[in-house]
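I am opening my notebook on a new structure.

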Amino acid sequence: MRKAAPCLPSPGFAFPDWAYKPESSPGSRQIQLWHFILELLQKEEYQGVIAWQGDYGEFVIKDPDEVARLWGIRKCKPHMNYDKLSRALRYYYNKRILHKTKGKRFTYKFNFSKVVLVNYPLLDVAAACCTCVREEDR
DNA sequence: CTCGGAACAA
DNA sequence: TTGTTCCGAG
């Protein structure tokens, strides 16, 4: 049921299946956690809180409480904390969106399976993609 | 800290 | 379905 048609003709550019996921009734209205993480990762002002580190796709949460606070604000969940946020992150393991970098504290890694090119405006492209991809399956 | 079951919300 | 909340176990 998770079938989305790629819409970017851009050569040398590919996003994982889970990247395009405008499903659900609200139609991509609701912010996904992984999207939010990517959003923070994209902004330099949050490098003291969360930042890329290590291999491609690997990031470390330097300030769990702050990330949880920001996520709580975004989702209107005042009582959010890293414990609960990380539970949501753990659900991503089976969805193959994230993986844990064991041994390293607060460190996770995105499953950019076949993505080439690293320094690209990921979110802008992802957003544009979500806009033009039309779901045909419920 | 990290993991994952279970109940529950939207 | 994706998260949220609670929580025992490792």
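I began with strand pairing in this predicted model. Strand S1 (residues 50-52) runs antiparallel to S2, and 3 bridges join them. I looked across the pair and found Trp-52 opposite Phe-59 in S2.

Next I checked the connection. S1 and S2 make a hairpin, with 5 residues between the two strands. Gly-54 sits in the turn and has a positive phi of about 85 degrees.

I then looked for the partner S2 has in strand S4 (residues 107-110). These two pair over 3 bridges, again in the antiparallel sense. Here Phe-59 stands opposite Tyr-108 in S4.

Are the faces of S2 covered or open? I noted a general point before looking: side chains in a regular strand alternate between the two faces of the sheet. In S2 (residues 58-61), Glu-58 and Val-60 lie on one side. Phe-59 and Ile-61 lie on the other. All four are buried, and both faces are covered.

I turned to the record. An unreviewed UniProt entry carries the annotation "domain: ETS" for residues 31-111. That span is 43% helix and 17% strand. Its end C-alpha atoms lie 19 Å apart.

Last, I looked up Asn-81. Asn-81 is in the loop between helix H2 (64-74) and helix H3 (82-95).

Conventions. Residues are numbered from 1 along each chain as its sequence is written. Chains are lettered from A and ligands numbered from 1 in the order in which they are written. This is a predicted model: local features need pLDDT of at least 70, side-chain atom pairs count only at pLDDT 80 or more; totals for chains, interfaces and linings use all residues. Side-chain values use heavy atoms; hydrogens and water are left out. UniProt positions are given in the numbering used here, feature names are shortened, and annotations may be inferred rather than shown by experiment. Buried means under 20% relative accessible area, exposed over 50%, partly exposed in between (1.4 Å probe, protein chains only). Two strands pair if DSSP finds at least two bridges between them.
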